[in-house]
Amino acid sequence: TVVLSLSPVPGVFLLFLSGERHAAHAEEGASSERNCSSVPPYLPPTAVNTTLRLLQLRAAMKPHNISAYIIPGTDAHLSEYIAPYDARLAWMSGFSGSAGTAVVTQDKAVLWTDSRYWVQAERQMDCNWELERDVSVSSITNWLIKETKEGDEVGFDPFLFSVDTFARPPLPPDSLTRLPDEFIGVTWQNKVDQIRGQMMDNPYKPTALLLSALDETACKWYQGRFSVTQVIELSSSKSRWLDLWCNLEDVQQFLSRGCYSSKGRCPQTFGHNWLFNLRGNDIPFNPFFYSYTLLTFDKIWLFVHTERVTEELKVYLNSSCDTLHCVQLLNYDSVREHLMKYLEEPGVRVWVGTEYTNQALYELITPEGKLLQSTYSPVLTTKAVKVDTEQRILREAHIRDAVAVMQLLLHLERAVPEGMETELTAAEFVNECRSKQKYSRGPSFETISASGPNAALAHYSPSKETARQLRVDEMYLVDSGGQYLDGTTDITRTVHWGKPTALQKDAFTRVLKGNIEISRTIFPAGTKGVNIEMLGRRALWEVGLNYGHGTGHGVGNYFGVHEWPVGFQSNNIPFQEGMFTSIEPGYYKENDFGIRIEDIALARSIKTEHGNNYLTFETVSLVPYDRKLINTTILSLEQLVWLDSYYRVIREKVGPELKSQGLTEVYDWMIENTQPFLTDGASAVVASMSPLLLLLLLPLALL
């Protein structure tokens, strides 16, 4: 059914769609991708019949004279991970990838997505849909110009586009929770004082800070309509809400939050939750709750579903008082009304971070003299630097997480030759292992468990319909993570249980070289990740290989597994001591195999011979790499020394934890797989040798 509900906002409407998911039929054993040119057209079992849904949407567009309707893949907080409640793109098109944008006209339906999802889209969409593989900045605008005429109107939802980029299951009934004291590095009152200090120091003198990203604090949406002429004008002038390419114009799609992150998803950030040390359960895999915050020098307004705030939390937030550290709880839906009322006061100036403020709120505060904007709010940049307590407990979480991943790798090593495992059972096994670890709160994202050609899809996750049996003659990639009260983890390992090909071994070793080179580099504090990112690609480039995703992202403390704005992209903030990032180069050979090696690392200070203001990375993911895939002859002696040092750390930190949990067989597996690559004393001469001499003596060092 289709229900069209007019909004009280002039020129705006709400569109709600509901329906059933219908799988298309295909002959058993046929191709896994659609073939719309055959007679009759061929659809795999994974494709979704969208005919009725498109008919319903087009019928709803006609009364409002909408010629084209844009459907992004995010929610009103521009989240990377979205609740089923917000899965508009997947419901309409059948495509479930997290980076994509669709446009529907009266006679066409088109999906734009990047190269990581082309095969997935061909498996999931029926022949009602076209797939656009050109993700240049002008792709959708040029398509709209061609498909519509002057004066036609384009519909979209401004709540689903950030200022920079400008039915469903119910919300979970769970009450919000607070972090236990032992996992809190800074009290929420001190955090508020810190942010107010930054407001006071800002030369533009803001009187208030509006927080919209969920990890700052969490929206209703309405639909807007702009003519094609307006869309083109706004695009050409780089209007704030149509500057939609995340500063990665060569790879981003128009009107999408599909940033070029390691898993094909836009790295997300979530701050009210951080500011108040609160957590919720509104977003799958992420402990966030829907909310907004408006912070002034003497007031704190938290807009939330108040019925979910317990009496204990009300006391914790001092909600019954009215002083500097009292949080006034207001209804989530009242944020727009309250913001408008605040803006009526004389002399106010609201600070917003445009990357995570939606257009619906931003447009209220655009009058001259009332707006101060930066790409990121001070909450997001402050949260990116972990204090000592956060660093310590996140390290501890990774030790326990390594236990779970080692359990998986040992289990698969034994079970796969017996033909007893599939991609899905392997994913379930590692999730179960994590669930038994101390402080576990479930996975941090849907496990990527992929073998053979499925591993060439950078963001493939198995289902009952698609899961392949794991085989000893194929490579296997597992990218998984856990949420723990003391930290969030994310780690990828690629293994082979048989005899890898020469290409597989060479590509794996070059991916490993890239991971090591970033991990061991020393760089000045304040260096942007984009300036060292090529270290992760250089070894691949040397032989004409590459990968089509980003090289790393920030990670939270029991927060988002992708935490903006840390990472190696051009729009990430410079590295400072205390920031955690993933390091994850890869290589993917279409329809054959995929490789990714991902570790989480901490940027920490290091004293150099001539200066102290330098950083390097400390790897906190603690699982060995598959020795069978490593060609030591193309690793430098420095890289081998790094590997041996890393393996010693694994033994020192994970060994005692394995023993304390009574996992003797896993401990033995760990010892076997962390044997040093170099003979005793070989690493001691590294500093004194010339590059040529190192090259000549390297084979001897490996004996």
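Strand β28 (residues 593-596) sends Phe593 and Ile595 one way and Gly594 and Arg596 the other way, and all are buried, where buried means under 20% relative accessible area, exposed over 50%, and partly exposed in between, with a 1.4 Å probe and protein chains only. Strands here are DSSP runs of E with at least two residues, helices are runs of H or I with at least four, and both are numbered from the N terminus. The model is predicted: local features need pLDDT of at least 70, side-chain atom pairs count only at pLDDT 80 or more, and totals for chains, interfaces and linings use all residues. Residues are numbered from 1 along each chain as its sequence is written, and side-chain values use heavy atoms, with hydrogens and water left out.

The partner of β28 is strand β27 (residues 586-589), and the two pair in the antiparallel sense over 4 bridges; two strands pair if DSSP finds at least two bridges between them. Within this pairing, Gly586 has Arg596 of β28 as its bridge partner. The hairpin of β27 and β28 has 3 residues between the strands, and Asn591 takes a positive phi near 60° there.

Strands of a sheet pair through backbone hydrogen bonds, either parallel or antiparallel. Between strand β29 (residues 599-606) and strand β30 (residues 614-619), the antiparallel pairing extends over 6 bridges. Ser605 stands opposite Leu615 in β30. Contact means heavy atoms within 4.5 Å; axes are lines fitted to C-alpha atoms, for helices over the stretch in contact, and angles run from 0 to 180 degrees between N-to-C directions.

Glu517 belongs to helix α14. With a relative accessible area of 13%, Glu517 is buried. Leaving aside residues up to four places away in sequence, Glu517 touches Leu535, Arg538 and Gln639.

Another open sheet has 3 strands in the order β20-β21-β24, again with antiparallel pairing. Here β20 (448-451) and β24 (491-496) stand at the edges with a single partner strand each, so one side of each is left without a neighbour in the sheet. Neighbouring strands of this sheet are turned by 10° against each other on average, direction ignored. Strand β21 (residues 475-480) is joined to β24 by 6 bridges, and Asp479 has Thr492 in β24 as its bridge partner. Across β20, β21 and β24 lies helix α13 (residues 423-435), which runs at about 145° to β20.

Elsewhere, helix α1 (residues 51-61) contains Arg53. Arg53 counts as buried at 4% relative accessibility. Arg53 and Met92 are 39 residues apart in sequence, and their C-alpha atoms are 6.4 Å apart in space.
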